[in-house]
Every structure is written in structure tokens, then in C-alpha cells.
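Trainee: I am new to this structure and would like to learn my way around. Could we go through the entry together, one question at a time?

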Amino acid sequence: MIEVSDLTKTYPGVAAVDRISFKVEKGEIAGFLGPNGAGKSTTMRILTCFIAPTSGSATVAGFDVVRQSMEVRRRVGYLPENNPLYTEMRVEEYLQYRARVKGVPRSERQKRVDEVLERVSLQDRRRSIIQHLSKGLRQRVGLADAIVHNPEIVILDEPTIGLDPMQVREIRELIRQLGQGHTVLFSSHILSEVEKVCGRVLIIHRGKLVEQGTPEEIANRMMKTGRVRLEIRGDGRAIKEALDRTPGVARILWSSKGDLNTYIVEAADGKDLRGDLFRYTASQGWEVLELSHERLSLEEVFTAITETAARGAGA
Amino acid sequence: MSKFAALVRRELGVYFVSPTAYIILTALLFISGWVFHSSVESFVSNRLPSDYQPTLLFIEVVIVLTSALVTMRLVAEEKSRGTLEILLTSPVTEAQVVLGKFLATLVFLAFILLPTVGFAIILARYGSVDFGQVFCGYLGVMLLGAAIYSIGLFISSLCMSQITAGMITFSLVILLVIANLRSMNLPENSFWRQLLEWVNLGTVFGDFMKGVIDLGRLVYLVSISGFFLFLTTRILETRRWR
């Protein structure tokens, strides 16, 4: 549905987007994740034909964003960052206008507008002037606009920014529902959000795509260094020194509460140390309360990736 | 076509939900009404035949001086609010957007001119009015308006803030109004003098006001409109190759 290859957008002195390639399949909800200024909006603006790439190519629904821009625009629903709206208009009037501009035939227009109003639960606000609506409701107007012409692809740029937790949950639920009939690409700098809604995550940092895959895939790939969590009762320092001598152990993080010690053991070469550690601790006769594989949360992965990338760029 | 009509309608709607239309309409009716009244009074006391020209002249002056108010928001506001992004990612061409905005300003102009025709009708009731001349006058106002609005639209497309766009447009309009002041000390028939006389809005309007449709002037005003509409379209398109 969306195919991007070697996409680059440079502004004088900076590469906002640097040779990005990815694919989003039909019916997928893909999350674009990255810190502010990573190039998410720029990429989305290229995909929606607002700006043109410096080099590389992108096709949306099989049409090139530069050469077949009209075809792309007909098939894409877009909610830009900060949700710009003609705030002096009334909700229904605005959606009617947008439907008309997007070429929804007259006979279907009212039906479509009613449908999207219901979908975003704004039926009882259809006569309200947009300016008088709360931020969350305005965001729903923006979403309604994005889907009013029933596009194949919906592109949402930071749809939950600046909303309160309740509103964030509503919008997230709406996005999930959108995924049932549309291909959705949405961006966020909040990880938990992407993790909850998306089937696939694209992590972008300083204009480069640094990781992509399902949240689990990414976490697994990042677990090159196996980490084991151990909880042992006993003399913390002695145990740590003993563990340090165990072959294959690269680093140990130790914290204790009374005689209860927690160790995070990292293996050097990505080896699974659980077996070795079990045998060793058993042979020592320690009171082991827990021995588990420590999973990295996407949050940690995200931090690790962006930090690594930042170090790479700095070097 | 329906898309285009939707664009025009929205643009037009903005004038009437904001105070712009009412401010300009008030200024126009007040000033032209005043001039109409005093001119009729002076015709009567001097036993001169009635004439609609003074009223037409001041209608033109008000339209020219308020043009910045009409055009400054057209593109600049969309830029600063970010709505340009939703507009230009919709399946409409830049030319449709520009023409839609331009046509909306012309419809707006026709709309605010309409009540002033009442003065001509009142005059016709008590004296003789050359309606051919009146028609020429209004045609002149419309053509002049079209030219200035297209320049204003172009300036608006260059600016991020509508205030900046308004100030630049207004300064430019003033410059065109007083262009012939400078020309007076230039030697007769010199190129600059002729040019300044030619672009001077008062001179341009003079013929129309007298009931003369000069083909040269007509072509001049229409080409200015066309030229600046073309430039505006290009400016909107440049965002895609910057």
C-alpha cells in the first residue's frame, strides 16, 4: 500500500529524511516512532504530496507521489500535525465542504458525513462552531475529515499530541477501529501508544530509519545481549564476586534490600546464561528465589536505539 | 466543478463571518453616500446637470484603499494556521485553489458594490443619468479591483503573516495611487513619465469613469490579473520543489 525507497529530503544544511525505505501492507496499522524532529512529519508530508522528496521515490496505493499526485491525494486521508481546521465553520458544514473538495459525489455526501460523524461520536455537535470545541473534540473533527471520502490509506501525524489521557485513549481506540477498513500510518513520539495500537513499528531517528518490525521482533533483535534476572537471599557482596567469576558473564548490576539481592546479569556474546547460572547457583547451595530471562520493554529498546544512533552520529 | 464551487463558497463565507465585509461595506456606503449627497447639492445650487462621476470616483477610491483588507488573509492566513496543508493535500490543483480565492474576491466586490447602484437609481429619479456611463464606471471598478486583488493575492502568498501581507499590499496600492505625483517634474514624453502616468490608478480609472472603454486599459488590467494569478499559482507550486 505504501512503498518508500531511498527517500531523502534535504533542506539547506540538513537532511530531514535520509534514505528511508519501508513498506506498509494493506490493512496494516503502522506506527512511526521517533523523537521530535526525527523526520516523521517530513516523511508524511511527502507521502501526502504536500512537499516533494529531494531524491528517492514513494508510491502510495500504487501511485507515485510526485508524478501521480492527484491519484494519491484522492486515496489518502491526512490529519496533519496540530490538526489545522477552519475553526470559524460549523462541524457539519466543514465536513460537507471537505467532502465536496475531496470529490465525494453529491448523492453520497450527506450519508458519508453522517457516517463519519457517528464514527467519531460527534452527532450531537454537528451544529457547533469548531472554535468552541475542546481540543479532543477538534481532534475528532480532524479525524472525521481524514476519513470522510473513505480513503484507502489514512495518514495521521501525531494524532494524540496535547490531549488528556482520557482523550488519548479515545483517539487510540478510533485508530484501532480505522485499522479494520483502512491502511493506517500514524506517528507518535510516545512509545507506549505505538506499542498498543500498531502491528508494526518504524523507528526513525535523525532522518534515518533505525528499526522496523513488530514490537516483539524489535525487542528480540535488541536482545543480542541476553539478560538474566536473579534474586538470591544471602551475603550480597560474596555472591556478586562469585558470579563475576562465572564464565560468559559480562556485567552484573546488583541491588539489595536487607539480605535480599537482585542481580541483572548480562552475557557478553548474547549467550543464554540461564542454564549455566542455574547449575552454578545450585552447586553453591544459594537460596535462589527467582531466575528469569529479562525482557526488554520497547521503551528500553527505543531509548537504546536512539542513544546508539546518536552516538554513531556524534562519532 | 463542484470542487471549485466549494472552494469559492468557503472563501466567500469567510468575509461574512469576519467583520471584513461589514467594515468595508460601511466605509463604502458612508463615504460614497456623503459624496453623492454633497455632489447633488452642489449641482442643484449651481444649476448644473446631474452627474454620477464624483460618486463613482469615491467608490473607486474606497475599493482601492480597502483592497489590502480583502486580500491579505487569502493565503497568508492559511499558511499561519496550517490549513494550507489540508487544502493542498486535497485532490485539487494549485490553480483551482488560486482561481477559487480570486473569484471569491470578485464576487465579494460585486456584492458590496451592489447597494451603491441605489445612488444612481435615486439620481435617475430626479435628474438624467447616463446608464451607459454608470455601467462603464462599475466595469472599471470591477476591473481595477480584479487587478489589485490579484496583486494582493500574490503578496499574500509570499507572506507568512497576514499583517505583513496587508501592509505591503497597502503600501503598493498607495504608491500606485500617487504614481503621477512624481511624474510631474519629469520631462514631457519621457519614458518614465509615461510609465508612471500609465500605471497611476486615477488615470486608469478616469476613462472608465467618463464612460469610455479603452481597449488598451482593458487589456492592461486583465493582463495584470492574469499575470499575478499565474505567479501566485507558481508560488504555491514551489513548495513542492524547494
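Trainee: In which sense do β3(A) and strand β9 of chain A pair?

Mentor: Happy to start there, and keep in mind that this is a predicted model. Strand β9 covers residues 200-205 of chain A, and four bridges link β3(A) to β9(A). One residue pair to look for is A:Gly31, which stands opposite A:Val201 in β9(A). The sense of the pairing is parallel.

Trainee: How many of the residues of strand β3 of chain A are buried?

Mentor: Strand β3 runs over residues 29-33 of chain A and is mostly covered. On one side sit A:Ile29, A:Gly31 and A:Leu33, on the other A:Ala30 and A:Phe32, and both faces are covered. The count of buried residues is five of five.

Trainee: Let's step back to the chain as a whole. What radius of gyration does chain A have?

Mentor: Chain A has 315 residues, and a compact globule of that length would come out near 20 Å. The C-alpha trace of chain A spans about 80 × 45 × 30 Å along its principal axes. Its secondary structure comes to eleven helices and 14 strands, and 42% of its residues count as buried. The radius of gyration of chain A is 25 Å.

Trainee: How far apart do the C-alpha centres of domain 1 and domain 2 of chain A lie?

Mentor: Domain 1 of chain A takes in residues 2-221, while domain 2 takes in residues 225-294. Between the C-alpha centres of these two domains the distance is 46 Å.

Trainee: Is A:Pro247 buried or exposed?

Mentor: You can find A:Pro247 in the loop between α9 (236-244) and β12 (249-257) of chain A. From A:Lys111, A:Pro247 is 136 residues away in sequence and 69 Å away in space, C-alpha to C-alpha. Since A:Pro247 has 9 C-beta neighbours inside 10 Å, and 12 or fewer is the cut-off, A:Pro247 counts as exposed.

Trainee: What phi does A:Arg19 have?

Mentor: Most residues other than glycine have a negative phi. A:Arg19 belongs to strand β2 (residues 14-24) of chain A, and with 14 C-beta neighbours inside 10 Å it counts as partly exposed. Although A:Arg19 is not a glycine, its phi is positive, at about 45°.

Trainee: And what phi does A:Asn82 have?

Mentor: A:Asn82 sits in the loop between β6 (76-79) and α3 (91-101) of chain A. Its 15 C-beta neighbours inside 10 Å make A:Asn82 partly exposed. A:Asn82 is not a glycine, yet its phi is positive, at about 65°.

Trainee: How many residues does the contact take from chain A and from chain B?

Mentor: The contact takes 21 residues from chain A and 20 residues from chain B. On the side of chain A that touches chain B, the elements giving two or more residues are α2 (69-75) and α3 of chain A. That side of chain A divides into twelve nonpolar, three polar and six charged residues. So, to end on the numbers you asked for, chain A gives 21 and chain B gives 20.

Trainee: Why does the radius of gyration of chain B agree with a compact globule?

Mentor: The secondary structure of chain B comes to 14 helices and zero strands, and its C-alpha trace spans about 65 × 45 × 30 Å along the principal axes. Among contacts in chain B between residues at least 6 apart in sequence, 80% join residues at least 24 apart. A compact globule of 242 residues would have a radius of gyration near 18 Å, which agrees with the value for chain B, 19 Å.

Trainee: How far apart are the end C-alpha atoms of helix α9 of chain B?

Mentor: This helix is mostly covered, with 20 of the 28 residues of α9(B) buried. Helix α9 runs over residues 131-158 of chain B, and at 1.5 Å a residue its 28 residues should span 40 Å. The model agrees, because the end C-alpha atoms of α9(B) are apart by 40 Å.

Terms used
Residues are numbered from 1 along each chain as its sequence is written. Chains are lettered from A and ligands numbered from 1 in the order in which they are written. This is a predicted model: local features need pLDDT of at least 70, side-chain atom pairs count only at pLDDT 80 or more; totals for chains, interfaces and linings use all residues. The radius of gyration is taken over C-alpha atoms; the globule rule is 2.2 Å times the number of residues to the power 0.38. The expected span of a helix is 1.5 Å times one less than its number of residues. Two residues are in contact if their C-beta atoms, placed from the backbone, lie within 7 Å. Two strands pair if DSSP finds at least two bridges between them. Domain bounds come from an automatic or database domain assignment. Ala, Val, Leu, Ile, Met, Phe, Trp, Tyr, Cys and Pro count as nonpolar, Asp, Glu, Lys and Arg as charged, and the others, Gly among them, as polar.
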